Structures are given as structure tokens and as C-alpha cells.
Amino acid sequence: MNSVPLVKSQKIKRGSARICFDITSYILVGFVALICLLPFVVLTSGSFSSEQAIRFTGYGLFPKDFSLEAYRLVFKTPLTILRGYGVSIFITVVGTSVGLIVLSLAAYVISRKDFKYRNQFSFFFYFTTLFNGGMVSTYIFYIQYLNLKDSYLALILPGMLNVFYLLIMRSFVSTIPMALIESAKIDGAGEFRIFKSIILPLLKSGLATIGLFLALGYWNDWYNAMLFMNTAEKYPLQYMLYDLLQRTQALARIASQAGIQVENMPSNTLKLAMAVVATGPIILVYPFVQKYFVKGITIGSVKG
């Protein structure tokens with residue numbers, strides 16, 4: 001019996017030019033990543049420094065005169081911070097979920113070439129990006145006509161339909177072949193069945209991209225809370241921290257006018273600590289959507 005010689009798998013040998021290119025690429029990408037990481041490192045180290053060290057020596061990569069005074073002030077009432085986290089998470093989750101549904105439905109409608117009035121609706125959406133009623137009319141509409149004073153809906157509705165995100169979502173929907181929709185119609189599927197079973201599964205990258213944008217907008221929003229919310233228990237985290245900063249700065253000004261020494265009262269370090277507290281959840285969420293996010297922002301850049 002003749003034995004068949006085993007052929008060993010051979011790896012393609014990389015030339016010296018390819019090796020130099022890889023090394024250069026890794027060094028360059030690592031350097032850019034380090035530059036992007038440095039501001040957050042400086043932010044974090046500054047939040048653990050004392051107020052006097054920040055005033056006299058500035059910021060650095062490592063804490064100077066280590067102090068937790070800013071975090072003690074932020075977490076002076078931990079239940080309040082937890083309540084702010086809960087409100088922000090609730091608004092972000094509900095607003096992002098409803099916003100994605102509304103945006104994907106609207107994008108699907110105006111991207112259909114067989115929809116008679118799609119150009120008129122597209123122009124209507126685009127027109128709102130050029131002209132709007134202004135802050136006063138918007139405030140009167142929400143308070144007097146919708147009666148949303150001190151309501152969570154006043155924090156959810158303004159950011160739910162962003163026309164810029166709608167146009168991006170329409171670009172995602174436009175990449176889906178019409179043949180899929182037509183074949184589903186031949187099989188007897190209705191519009192909502194087509195949207196649920198065909199469109200949405202193919203929009204994962206678009207939903208992740210727009211969802212991240214919506215979540216960032218809801219999470220960082222404090223302006224609407226300042227306009228519409230009166231009850232402190234309903235404040236989202238961002239506005240709660242903003243209110244704490246304003247009260248601290250007002251106290252420092254009053255003390256300074258009264259001739260009281262306030263060198264140790266955290267002001268700059270308080271801002272840094274607030275940024276660290278408010279940024280944490282978003283940093284934890286990003287890795288889960290990174291794959292779809294990178295795919296989403298590059299759609300249409302390469303055509304085969």
C-alpha cells in the first residue's frame with residue numbers, strides 16, 4: 001500500500017516591504033489612538049486633583065495633590081445621583097427606541113419610488129432644517145397646547161425625529177434592492193410585514209449608527225430639562241449636575257463678595273468630576289455597537 005505524502009500548509013511569506021508597512025501602520029494607528037485617549041486621561045486625573053493644584057500648576061497626566069473633594073460633592077446625596085441616572089437611562093432608552101421606529105418608518109416611506117408624494121414629504125422634512133419657529137413658539141406649543149410642563153414627554157419628543165438622521169436612514173434604506181420588496185409582494189406580504197421581516201433585519205448597521213447618535217443626544221441633553229422640568233425628582237443626570245455646578249459657583253461668588261476665602265472650594269475639579277460621572281455609561285455602551293457603527297458610517301463609500 002502506497003502512502004500518500006501529506007502536503008503541509010504553507011503560509012504566504014510576507015516581504016520586507018509588507019513588514020515595514022505593517023509596523024508603520026501599527027505605530028501610526030497606536031499614536032493616533034493615544035492622542036485620542038490623552039484628553040480623557042487628563043480629564044480623569046484632573047478630577048482626582050485638588051483645586052489649588054489645578055489653579056497653580058494646571059492639568060497633567062497624573063493627579064496632583066490627590067483629592068476626592070469633587071467626587072464627595074457630586075455624591076453628597078448618592079440617592080439623588082442614582083435617581084438622575086435612572087431618569088436619564090429611562091429617557092435615553094425610550095427616546096432612542098421610539099425614535100428609531102419613527103425614523104425607520106419615515107425613511108422607508110420616502111425611499112419608496114412607488115409612493116406618489118415622496119418628493120413632497122421629503123421637501124417638507126428638508127424645509128424644517130432651513131426654517132423653524134424658534135424657541136418661543138416651540139415653548140408655547142409644548143406648554144400651552146400639548147400641556148407637557150414637567151412631563152417626561154417634553155424631554156423625549158424634541159429629539160425623537162431628527163431630519164438629518166432621517167436623511168441618513170433613507171440612504172440606508174435605499175441600498176436595499178427593490179427586488180426583495182417586489183418578491184415579498186408577489187408572495188402576498190403586506191407593507192408592515194415587508195417592513196418587519198425584510199427591511200428591519202437589513203437595517204442593523206443603520207439602526208445601530210442612528211441609535212448611537214440618538215442615545216448620545218438624549219443622554220447629553222440638559223437644555224430641555226431646564227425649559228420644561230420643575231420637579232427636582234424628575235431632573236435627568238445632566239441637568240442635575242449642571243444645577244449642582246451653578247449652585248456651587250453661585251456660592252463661591254457670594255462667599256468671595258463677602259470676603260470669605262474659598263480657595264479650597266472645588267470648581268474646576270467639580271466640572272471634571274461631573275464629566276467623568278456623566279460620560280461613563282456611554283463609554284460602556286459603545287463597544288457593543290462598534291461593529292455596526294463602523295459598518296454604518298462607511299456605507300456607500302465602497303461600491304462593488
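Visitor: Which residues have the most contacts inside the largest nonpolar core?
Guide: In this predicted model, they are V74, I81 and L241, in a core of 30 residues.

Visitor: And which elements give two or more residues to this core?
Guide: They are α3 (69–74), α4, α7 (153–156), α11, α13 (237–257) and α14 (268–297). The largest share, eight residues, comes from α14.

Visitor: What does V74 touch, leaving out residues up to four places away in sequence?
Guide: V74 touches I81, L241, L244, L270, A273, M274 and V277. Two of those names, I81 and L241, are also listed with V74 for having the most contacts inside the core.

Visitor: What is in the second core?
Guide: The second core is separate and has 23 residues. Among them are F125, Y165, M169 and I176.

Visitor: Let me step back. How many helices and strands are there?
Guide: The protein has 14 helices and zero strands. Read from the N terminus, the elements are α-α-α-α-α-α-α-α-α-α-α-α-α-α.

Visitor: What share of the residues is buried?
Guide: Of the 304 residues, 33% count as buried. As for the accessible surface, the protein has about 19,800 Å², and 67% of that belongs to carbon and sulfur atoms.

Visitor: What about contacts along the chain, say between residues at least 6 apart in sequence?
Guide: Of those contacts, 72% join residues at least 24 apart.

Visitor: Okay, T92. Where is it found?
Guide: T92 is in helix α4, which covers residues 78–111.

Visitor: Is T92 buried or exposed?
Guide: T92 is buried, because its relative accessible area is 10% and the cut-off for buried is under 20%. Not counting residues up to four places away in sequence, T92 touches A215, Y218 and W219.

Visitor: New topic. How many salt bridges are there?
Guide: The count comes to five salt bridges. One of them joins D22 and R18, whose closest N and O atoms are 3.2 Å apart.

Visitor: Where do D22 and R18 sit in helix α1?
Guide: D22 and R18 are four residues apart in helix α1 (residues 16–47), so about one helical turn separates them. D22 counts as buried at 12% relative accessibility, whereas R18 is partly exposed at 48%.

Visitor: Which salt bridge links distant parts of the chain?
Guide: The one between E191 and R112 does, with an N to O distance of 2.8 Å. E191 is in helix α10 (residues 191–202), R112 is in the loop between α4 and α5 (118–130), and the two are 79 residues apart.

Visitor: Are E191 and R112 buried or partly exposed?
Guide: E191 is partly exposed at 36% relative accessibility. R112 is buried at 6%.

Visitor: What else does E191 form a salt bridge with?
Guide: K185, with the closest N and O atoms 3.6 Å apart. K185 is partly exposed, with a relative accessible area of 36%. R112, K185 and E191 are linked in a network of salt bridges.

Visitor: Last one, the surface. What makes the nonpolar patch?
Guide: The patch is about 1,100 Å² and is made by M135, V136, Y139, I140, F141, Y145, L146, L153, L157, W222, Y223 and M226. Helix α6 (134–145) and helix α12 (223–228) each supply at least two of its residues. The largest share, six residues, comes from α6.

Visitor: And where does W222 lie?
Guide: W222 lies in the loop between α11 (204–220) and α12. At 30% relative accessibility, W222 counts as partly exposed.

Terms used. Residues numbered from 1 in each chain as written. Predicted model: local features only at pLDDT ≥ 70, side-chain atom pairs only at ≥ 80, totals over all residues. Heavy atoms only, no water. Patch = residues over 30% accessible without salt bridge, like charges linked within 9 Å, V, L, I, M, F, W, Y side chains within 5 Å. Areas by Shrake-Rupley, 256 points an atom, 1.4 Å probe, with all protein chains shown as cover. Salt bridge = Lys/Arg side-chain N within 4 Å of Asp/Glu carboxyl O. Buried < 20%, exposed > 50% of the residue type's maximum accessible area, 1.4 Å probe, protein only. Contact = heavy atoms within 4.5 Å. Core = buried A, V, L, I, M, F, W, Y, C linked by side-chain atoms within 4.5 Å.
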